[in-house]
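Here is a friendly walk through one protein chain, taken a piece at a time. Have a look at the fold, then read on.

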Amino acid sequence: MAAPGRAPGIKDAVAIVGIGQTAFARRLAEDERTLACRAVLAALDDAGIAPGEVDALASYTMEDTDEVELAKAVGFGDLTFFGKVGYGGGGSCATVAHLAAAIACGQATVGVAWRSRKRGSGPRPWTNTTAQLPTPAQWTRPFGLLRPADEVAMLARRYMHEYGVTRDHLFNVALACRNRANQNPAAVMYDRPLTREMYMTSRWISEPLCLYDNCLETDGALACVVVGRERARDCRQRPVYVHAAAQGLPAQHHGMVNYWTDDPLTGPAWTAARHLWRQSDLTPRDVDVAQIYDAFTPLIPLSLEGYGFCARGEGGAFTERGALETGGRLPVNTGGGGLGEAYVHGFNLITEGVKQLRGTSTAQVPGAATCLVTAGEDVPTSALLLRS
């Protein structure tokens, strides 16, 4: 029971009880709405919950399938909570966090979060020259930082200069994700191993980021089902509890480049992490496996620092000696992540975290009972701490 006058929290009060996904590919024939419906129906079936029981929805502001379309097509009942989270990949974990809050405080009982995207076959957002630039982009794109890769490349160069991070450290990240993708039949890169020679001789995308430092371009959709703790016990699958959740938008942040702060390398992860660990009974040492947002390889060592797995400037060195591999110091992105499985704004990191704690991952960490899932480090972000 919550203390008198204090609202109930979400710690272990809700659980993810269903996950679903479509196939992943560079080009899928079906449109985004159809893909969304397929992923949601698969997640509900996984949970053993009928569509008519759903009364809450959460997704991204960049999601083109809106609540009305999805509700009619899938057959939901009356919705009492629905919302969308901004900032692309920064919003992934927040979709689950918002549902968790709604359910914990009695606004809803069965929530569905989803992301459907045709990033592989669809247009690239920055190619639209007819739309007025948002204010942050007016400080980057006219000066040559046209793509997210260009913006992160500038941060990566500073990271290398200040802390001695090397391309070998970034290769360690790319290799760990690819190795896990090679174990995952659903991954786009399932049958395509990566070697150091391939990495070091690949073309630049935005120096110092080469081809393999960049995430995939993917068509696909994923979804998950969230319910309260009591309901979770009666669902079809083993529940995975949301132990803690957080969002982070630091003071004077400027998306992707973080221009205006005293230290541009202290990104939103640091703000989210402080709140996450403050709510939690756990510490970074208690985390068995992590699903860390990997649109670009430098985001993983930066996130390792932000979430407290190592000290400032030690993220590169942390990746050495197989630390990110299965059996290493902290196995990461065990389905392949955005670099190896699919890039759907990080939602596959949530579903992979659930698989790990169910014991059904294709790269299962033995005895995994806790999993950190993070969203994009270089934009206003979010994170989940899951436990079995």
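Is Glu-53 buried, exposed or partly exposed? At 33% relative accessibility, Glu-53 counts as partly exposed. Here buried means under 20% relative accessible area and exposed over 50%, with partly exposed in between (1.4 Å probe, protein chains only).

A quick word on the model itself. It is predicted, so local features need pLDDT of at least 70 and side-chain atom pairs count only at pLDDT 80 or more, while totals for chains, interfaces and linings use all residues. Residues are numbered from 1 along each chain as its sequence is written, and side-chain values use heavy atoms, leaving out hydrogens and water.

**The sheet**

Let's start with the strands. Nine of them make an open sheet with mixed pairing, in the order β3-β2-β4-β7-β1-β8-β11-β10-β9. Strands (E, at least two residues) and helices (H or I, at least four) are DSSP runs, numbered from the N terminus, and two strands pair if DSSP finds at least two bridges between them. At the edges sit β3 (81–85) and β9 (289–291), each pairing on one side only. From one strand to the next, the twist averages 25°. Angles like this one run from 0 to 180 degrees between N-to-C directions, with axes being lines fitted to C-alpha atoms, for helices over the stretch in contact.

**A closer look at β10**

Strand β10 covers residues 370–374, and three bridges join it to β9 in parallel. One of the paired residues is Val-289, whose bridge partner in β10 is Cys-371. With β11, β10 pairs in the antiparallel sense over five bridges; here Thr-370 has Arg-387 of β11 as its bridge partner. β10 and β11 also form a hairpin, with six residues between them.

How many of the residues in β10 are buried? Five of its five are, so the strand is mostly covered. Thr-370, Leu-372 and Thr-374 point one way, while Cys-371 and Val-373 point the other way, and all are buried.

**Helices across the sheet**

Helix α1 (residues 32–47) lies across β1 (14–21), β4 (110–118) and β7 (219–228), and runs at about 130° to β1. Helix α12 (residues 347–358) lies across a list of strands that includes β2 (56–60), β8 (240–248) and β11 (381–387), and runs at about 115° to β1. Contact, in these cases, means heavy atoms within 4.5 Å.

**Cysteines**

There are zero disulfides in the structure, a disulfide being a pair of cysteine sulfur atoms within 2.5 Å. Take Cys-215: the nearest cysteine sulfur belongs to Cys-177 and is 11 Å away. Cys-215 counts as buried, at 18% relative accessibility.

**Salt bridges**

Side chains of opposite charge can pair when their charged atoms come close. The rule used here asks for a side-chain nitrogen of Lys or Arg within 4 Å of a carboxyl oxygen of Asp or Glu, and by this rule the count comes to 20 salt bridges. Among them are these:

| Salt bridge | Closest N and O atoms |
|---|---|
| Arg-231 with Glu-53 | 2.7 Å |
| Glu-207 with Arg-157 | 3.7 Å |
| Arg-233 with Glu-230 | 2.9 Å |

Why does the pair of Arg-231 and Glu-53 tie together parts that are apart in sequence? Arg-231 lies in helix α7 (residues 229–232) and Glu-53 in the loop between α1 and β2, so the parts they tie together are 178 residues apart in sequence. Arg-231 is partly exposed, at 31% relative accessibility.

Glu-207 is partly exposed, with a relative accessible area of 49%, and Arg-157 is partly exposed with 40%. Glu-230, by contrast, counts as exposed at 54% relative accessibility. Elsewhere, salt bridges that share partners join Arg-26, Arg-119 and Glu-217 into one network.

**From the record**

UniProt lists residues 262–375 as "domain: Thiolase C-terminal", in an unreviewed entry. UniProt positions are given in the numbering used here, feature names are shortened, and annotations may be inferred rather than shown by experiment. In the model, that span is 35% helix and 7% strand, and its end C-alpha atoms lie 23 Å apart.
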